[in-house]
Amino acid sequence: MDVRQQKLADRLTQRQHDQLYRHRHTLTSAQGPRVEVGGQLLINFSSNDYLGLAAQVELAEAMQKASQHYGVGSGASHLVCGHSLEHHLLEQELAAFLGCERAVLFSTGYMANLGVLTALLERGDAVFQDKLNHASLLDGALLSRAKLQRFQHNDTQSLLRALESSKAGNKLIAVDSVFSMDGDTAPLAELAEIAEQHDAWLMVDDAHGFGVIGEQGRGCRSAFNLNQHSLPIVMGTLGKALGGFGAFVAGSEVLVETLIQFARSYIYTTALPPAVAAANRAALSLLQQQIWRQDALQSHIQYFCRQAAQLNLPLMPSTTAIQPLLIGDAETALLASQQLKQQGFWVVAIRPPTVPQNEARLRITLTATHSRADLDALLNTLAILPALQNRLTKA
Ligand SMILES: *Cc1c(COP(=O)(O)O)cnc(C)c1O
């Protein structure tokens with residue numbers, strides 16, 4: 001091996017040694033509460049398909065119909081010639097659903113976060129971020145060249161101290177609504193007041209809120225009684241609860257127009273396939289027609305937390321579909337995940353650097369289309385899982 005290749009190989013070996021090596025598992029079935037992986041049927045507690053929409057026939061039909069009309073590729077970026085009526089209608093329907101002036105589509109949530117932060121901030125500005133924010137918000141901050149100031153998780157005092165000593169031109173506070181690896185929520189009402197007092201933008205990444213929290217799944221603004229004024233920037237993704245793909249930013253006319261003009265991750269990329277936009281539209285409509293999905297998810301969350309408490313399982317404090325079980329070291333988390341797989345459950349182990357050192361965990365996600373029996377089966381298996389015995393007796 002030459003020197004360049006050898007350096008990469010050494011880094012991979014180190015990763016393996018640290019128990020942090022990641023593998024992809026290849027699905028041979030649709031996404032859902034039961035999936036087939038490597039010939040094995042698993043009950044899936046790892047997906048972000050919180051409402052069970054990803055494999056719904058209505059989405060597939062909408063995609064099929066639109067692809068017969070529009071074909072597959074969009075052919076260009078939105079500003080060149082790739083913006084179709086399907087994109088346009090989806091943007092209008094999202095804005096109407098969210099009760100704000102306008103929404104703009106991005107190809108992914110990662111790109112939407114990069115786009116907002118780079119379009120709104122520059123050198124001399126400051127961005128204040130929760131320590132547990134999603135990687136894409138942190139990357140967007142670095143790319144913007146604004147000063148990145150991270151505050152302690154959900155600690156508004158820590159944020160206030162940073163804001164009060166800041167001399168930056170523009171200030172922007174960015175948080176996740178529901179933290180993706182912890183499942184807890186940001187204190188958005190308080191953050192909205194702080195942002196207003198300090199003339200700072202408030203931006204919320206609603207990837208795990210849109211579709212599941214708030215009235216009919218309208219997301220964080222609805223759940224926290226905020227509006228386009230008190231919470232001016234919401235980024236939502238379409239690939240999680242909505243079961244589709246893509247993302248959007250929703251806010252005022254002037255905010256959205258600024259993104260269209262200046263967000264480089266919007267301008268310099270090919271538009272989503274129109275058929276994907278059509279599938280997202282079908283999902284948005286199903287979401288509003290089938291409220292039983294949100295209801296079933298809420299009832300699963302309550303049941304799961306109650307039963308886990310009785311079994312002394314070390315769940316982290318969360319009232320959302322993300323129910324992490326704190327383990328600590330990466331090796332034990334991995335072992336627990338492997339033992340669960342042998343018993344027919346897919347629960348991923350989340351390890352550093354995705355979470356802090358010694359906070360490795362099993363990230364259990366509940367979905368509307370699980371059954372009570374699925375939850376009971378997982379709970380009963382966790383209660384006697386060999387890898388967890390030390391932890392359970394210590395608790
Ligand atoms: C998944 C996720 C994203 C990225 O969205 P994609 O559409 O998958 O690129 C951004 N923020 C959070 C909190 C996420 O969980």
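Asn312 is partly exposed, with a relative accessible area of 46%. On this scale, buried means under 20% relative accessible area, exposed means over 50%, and partly exposed falls in between (1.4 Å probe, protein chains only). The structure is a predicted model, in which local features need pLDDT of at least 70, side-chain atom pairs count only at pLDDT 80 or more, and totals for chains, interfaces and linings use all residues. Residues are numbered from 1 along each chain as its sequence is written, and side-chain values use heavy atoms, with hydrogens and water left out.

**Backbone exceptions**

Asn312 has a positive phi of about 60° although it is not a glycine. Its place is the loop between helix H13 (292–310) and strand S10 (322–328). Helices (H or I, at least four residues) and strands (E, at least two) are DSSP runs, numbered from the N terminus. Gln19 also has a positive phi, of about 65°, and is not a glycine either. Gln19 belongs to the loop between helix H1 (3–17) and strand S1 (34–37). Gln19 is partly exposed, at 28% relative accessible area. The peptide bond from Pro352 to Pro353 is cis, with omega near 10°. Pro353 lies in the loop between strand S12 (348–350) and strand S13 (360–365). Most residues other than glycine have a negative phi, and most peptide bonds are trans.

**Ligand site**

The ligand is surrounded by 13 residues, and the closest are Gly109, Tyr110, Asp205, His208 and Lys240. Here a residue is near a molecule or strand if one of its heavy atoms lies within 4 Å of it. Helix H5 (residues 109–120) gives the largest share of this shell, three residues.

| Residue and atom | Ligand atom | Distance |
|---|---|---|
| Gly109, backbone N or O | oxygen | 2.7 Å |
| Asp205, polar side-chain atom | nitrogen | 2.5 Å |
| His208, side-chain N or O | oxygen | 2.6 Å |

Taken alone, the ligand exposes 380 Å², and the protein buries 82% of that. Accessible areas come from the Shrake-Rupley method with a 1.4 Å probe; for residues, only the protein chains shown count as cover.

**Helix H3**

His78 is in helix H3 (residues 78–82). His78 is buried, at 12% relative accessible area. Its side chain makes a polar contact with the side chain of His83 (2.9 Å). Beyond four places in sequence, His78 touches His83, His87, Leu105, Tyr266, Thr269, Ala271 and Leu272. Contact means heavy atoms within 4.5 Å.

Gly82 lies in helix H3 too. Gly82 is buried, at 3% relative accessible area. Not counting residues up to four places away in sequence, Gly82 touches Ser74, Ala76, Ser77, His87 and Ala271. Gly82 and Ala271 are 189 residues apart along the chain, yet 5.7 Å separates their C-alpha atoms.

**A buried loop residue**

Asn133 sits in the loop between strand S4 (126–130) and helix H6 (135–144). Asn133 counts as buried, at 5% relative accessibility. Its side chain reaches the backbone oxygen of Ala174 at 2.7 Å. Leaving aside neighbours within four places in sequence, Asn133 is in contact with Leu138, Ala174, Val175, Asp176 and Phe179.

Terms used: Polar contact = N/O pair within 3.5 Å; in protein donor to acceptor, adjacent residues only side chain to side chain.
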